[in-house]
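Here are my notes on this model, point by point. Please keep the structure open beside them as you read.

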Amino acid sequence: MLHLRVAEPMRECEYSQISTRSSTPMETPYKKRTPKRRKWQAFPGRNKFYCNGRIMMARQTGVFYLTLVLILVTSGLFFAFDCPFLSLQLTPAIPVIGGVLFVFVLGTLFRTSFSDPGVLPRATPDEAADLERQIDVANGSSSGYRPPPRTREVVINGQTVKLKYCFTCKIFRPPRASHCSLCDNCVERFDHHCPWVGNCVGKRNYRFFYMFILSLSCLTIFIFAFVITHVILRSHRYGFLNTLKDSPASVLEVVVCFFSVWSIVGLSGFHTYLISSNQTTNEDIKGSWSSKRGKGNYNPYSYGNIFTNCCAALCGPLPPSLIDRRGFVQSDTPHPIPPTNGTTMYGSTQSQSHMAAATPLLQSEPVILTDEAFLPGRTSLGGSCSGALPLGGHPTPPTSTPNLSCDNDMLPLRNEQSDGLRHHHTDGCHHHFLTPEEAPSPPGMLPCVSPLGHSHTIQGFYNPASQDSLHEDSVRGLVKLSSV
Amino acid sequence: MATEFHNLQELRHSASLANKVFLQRDYSEGTTCRFQTKFPSELESRIERPLFEDTVKRLNIYYAEAEKMGGQSYLEGCLACATAYLIFLCMETRYEKVLKKIGGYIQEQNEKIYAPRGLLITDPIERGMRVIEISIYEDRGSSGSCSGSSSTSGSSAR
């Protein structure tokens, strides 16, 4: 009597699936004929994928290659020019330790750069419609120029936290999540977007990032110390000028290491502080949990003691990726028959054209919701900021000074601003942090505009405490002017 | 428990999707994975409240187990770090093991409890752990909502 046909999985995926998902009436004959697309090929964010979806990086990867070249060249020169002398004169343990450090640095760098930082997949059309309905019910009417901001409040550990609605991903962001404007994704426990590793740093790769900068600090100090030792020892024997002639690479190594030490060690110290207090860079920049905001303001996520915070950040369970990049794109499940809300956008990025006939329950045309770079100015944001490499200076704890070299694009029809943080490492060690603020806008009123206005970044002078209301007002004003 | 079991394949053929209910995440305890146990009004006529709440509570327990930070997870983390995370090529993490368990549990619940009532739970991992999606099916053959035992298409012997 009990018989449930467990249909073959129609897509590869990491998770066990319910048998029902894969069985729809007219699927099988078509599936065998058409080549299946993997989910990474239909991914709506601005990421690049390599190795058939195994590797995931941000769009701008130029600075990552610079990082790689710097590490490889400096270490290579060290092993080639300094190690022979040192291993003979002092101990062969030096190249061995150097080698171990070097391998560890590269391993953690690749792991940080290539893994999913904790991207939250966008809401399915049904979910988005359901949320819209709930919001409309809560607000009363959805007409009018100024819809109230879409936030939800939740009390965590005695502290009130606001959950913001992300217009691009159509979800209420979990606490500590933020939308990265460069990658156009919501990322869980968003720390910052690091151009030097070419990826966002979030929940899933924060520990690798920390290990990377820690081991890189050690490697930099190691190389710096032993190159100096090498030069000194050699100078004793052959004279300083001869030393420089015999081993010119040492000079280059010293210069690179000298400037790197300040920034990298400073950064490691900063992140050690963040880990021990269980904060993200984003929260620290905004001063979310600082006592300056109010007497009763404290960090609700902290476990109370430094050791537990460190263990939680570095040794806690590693959640799996939520985006299933290598799974196969399925045809949509049928939508519910009665249209729930006429103004919401129905559609999907995943429906295959030949399935439209097989799914008579679909009510609307498939609409492509992917965020292509319609704005030419957007892609240049990453380029210009990452290209600036001022030298010199000393490490300062990150302040909210703006990076004025970045472009400041403003669109008249702008549907959304999103949170995002760009952590700009420079050799000169000024850490510029940019946190564009989010402002609400009424997608229900302007459905045709949303492909254009996605997640646009406003970068400019930023004061964490007071800019919220200013931005909101300015956006509302613009939307008012542009709405018909 | 219903004496007749719907073949889930036939559920699709004979029933049509009427509505979807979404159970959102409950963030009152922080960022750990928990779902709200509030009983949605759309399901009032379809399933008994204790059964439903049981399912959701069980899922919450499983997710708490996956994200629990204790000796075992620390050990796993340190071992992974020591092997430069290469150990994950041959071993799956505790989280993944629990997720598999959850997948099996949801399938079992669907087979035993939800499908006979014309409901279907979607594994939250397929929705990015944002929601528990419950699909409500209406029986095409009957005029009202399908309550499972009176459906004409019924289960077929295979």
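This is a predicted model: local features need pLDDT of at least 70, side-chain atom pairs count only at pLDDT 80 or more; totals for chains, interfaces and linings use all residues.

1. The mean pLDDT of chain B is 79. In chain B, 79% of the residues reach 70 or more.

2. Helix 2 of chain B (residues 49-66) has the highest mean pLDDT, 92. Helix 1 of chain B (residues 8-14) has the lowest, 60.

3. Over residues 1-5 of chain B the pLDDT is below 50. Beyond near neighbours in sequence, that stretch has 11 contacts in the model. Residues 143-158 of chain B also have pLDDT below 50. Here the model has 31 contacts beyond near neighbours in sequence.

4. Now chain A. Its mean pLDDT is 71, and 59% of the residues of chain A reach 70 or more. Over residues 1-14 of chain A, pLDDT stays under 50. The model has 40 contacts for this stretch beyond four places in sequence. Residues 470-484 of chain A are below 50 too, with 29 contacts beyond near neighbours in sequence.

5. For the complex, the predictor gives an ipTM of 0.80 and a pTM of 0.69.

6. Next, the sheet. Chain B has an open sheet of 3 strands in the order 1-3-2, with antiparallel pairing. Why is one side of strand 1 and of strand 2 of chain B left without a neighbour in the sheet? Strand 1 (15-24) and strand 2 (119-122) of chain B stand at the edges, so each has a single partner strand. On average, neighbouring strands of this sheet are turned by 25° against each other, direction ignored.

7. Look at one pairing in detail. Strand 2 of chain B and strand 3 of chain B (residues 131-139) run antiparallel and are joined by 4 bridges. Thr122(B) has Glu133(B), in strand 3 of chain B, as its bridge partner. Strands of a sheet pair through backbone hydrogen bonds.

8. Finally, a helix pair. How do helix 2 and helix 4 of chain B cross? Their axes come within 9 Å and cross at roughly 170°, helix 4 of chain B being residues 94-114. Angles over 145 degrees count as roughly antiparallel, so helix 2 of chain B is roughly antiparallel to helix 4 of chain B.

9. Check the residues where these helices meet. From helix 2 of chain B they include Leu51(B), Phe52(B), Leu59(B) and Tyr62(B). Helix 4 of chain B contributes, among them, Val98(B), Leu99(B), Ile102(B) and Tyr105(B). By class, the contact has 14 nonpolar, 2 polar and 5 charged residues.

Note on methods. Residues are numbered from 1 along each chain as its sequence is written. Chains are lettered from A and ligands numbered from 1 in the order in which they are written. Side-chain values use heavy atoms; hydrogens and water are left out. pLDDT is the predictor's confidence in each residue, from 0 to 100. Helices (H or I, at least four residues) and strands (E, at least two) are DSSP runs, numbered from the N terminus. Contact means heavy atoms within 4.5 Å. Two strands pair if DSSP finds at least two bridges between them. Axes are lines fitted to C-alpha atoms, for helices over the stretch in contact, and angles run from 0 to 180 degrees between N-to-C directions. Angles under 35 degrees count as roughly parallel, over 145 as roughly antiparallel, 65 to 115 as roughly perpendicular and the rest as oblique. Ala, Val, Leu, Ile, Met, Phe, Trp, Tyr, Cys and Pro count as nonpolar, Asp, Glu, Lys and Arg as charged, and the others, Gly among them, as polar.
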